[in-house]
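Below are some notes for a colleague who is opening this entry without having seen it before. They are set out as numbered points, to be read with the structure in view.

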Amino acid sequence: MSEVEMREPTMLVLTSLAGGRKHGYALIADAAELSDGRVQLKAGTLYAALDRLVEQGLVTVAGDEVVDGRNRRYFEITGDGIDALQATASRLEANAAAARSRIAEWRPRGIAGQMQFGGI
């Protein structure tokens, strides 16, 4: 699979599934926890993403069960999903390292420890 830039919600879904098999509500709750509440997935968005991830071979349907009269569908990450998640994590780490390096280079020229935002 060629590397494609992965959006944060997709990365969080794959990260959640890397921790084990989960159903939709658990994925929504875990994505919110993993992102410190920044990402609040809606059911429609989640299931559209899961359908796409299944189609891409990054996630697989891992069974269904009925709980309180409602069907719960479970999902698991695949080996290709782990590879895509690892590639994305590596790309983001490299970008963060480059950003930190540039910030460190800038600080001696700026005001140490402070960022200034002046009016235009």
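How much space lies in the largest pocket?

1. In this predicted model, the largest pocket holds about 350 Å³ of space. Its lining is made up of 17 residues, and those closest to the centre of the pocket are Gly24, Tyr47, Asn71, Arg72 and Arg73. Helix 2, helix 3, strand 2 and strand 3 are the elements that each give two or more residues to this lining. Sorted by class, the lining has nine nonpolar residues, along with three polar and five charged ones.

2. For helix 2 (residues 24-34) and helix 3 (residues 43-55), the angle is about 105° and the axes are 10 Å apart. Because angles of 65 to 115 degrees count as roughly perpendicular, helix 2 is roughly perpendicular to helix 3.

3. As for the residues that form this contact, helix 2 brings Gly24, Leu27 and Ile28, which meet Ala43, Leu46, Tyr47 and Leu50 of helix 3. By class, the contact of helix 2 with helix 3 has six nonpolar residues and one polar residue, with no charged residues. Gly24 and Tyr47, which take part in this contact, are also among the residues closest to the centre of the largest pocket.

4. Helix 3 packs with helix 1 (residues 8-18) as well, at an angle of about 75° and with the axes 11 Å apart. Helix 1 and helix 3 are therefore roughly perpendicular to each other. On the side of helix 1 the residues are Thr10, Val13, Leu14 and Leu17, and they meet Leu46, Leu50, Arg52 and Leu53 in helix 3. This contact of helix 1 with helix 3 divides into six nonpolar residues, one polar and one charged. Leu46 and Leu50 of helix 3 meet residues of helix 1, and they also meet residues of helix 2.

5. The strands deserve a separate look, since three of them form an open sheet in the order 1-3-2, with antiparallel pairing. Strand 1 (22-23) and strand 2 (59-67) are the edge strands, each pairing on one side only. Strand 1 and strand 3 (residues 70-77) run antiparallel and are joined by two bridges. Histidine 23 has tyrosine 74, in strand 3, as its bridge partner.

Definitions and conventions
Residues numbered from 1 in each chain as written. Predicted model: local features only at pLDDT ≥ 70, side-chain atom pairs only at ≥ 80, totals over all residues. Heavy atoms only, no water. Axes fitted to C-alpha atoms, helices over the stretch in contact; angles between N-to-C directions. Helix = DSSP H or I, 4+ residues; strand = E, 2+ residues; numbered from the N terminus. Parallel < 35°, antiparallel > 145°, perpendicular 65-115°, else oblique. Contact = heavy atoms within 4.5 Å. Nonpolar A, V, L, I, M, F, W, Y, C, P; charged D, E, K, R; others polar. 1 Å grid on protein atoms, 1.4 Å probe; cavity = no way out; pocket = protein on both sides within 12 Å on 5 of 7 lines; lining within 4 Å. Points joined across faces, edges and corners; volume = space filled by probe spheres on them.
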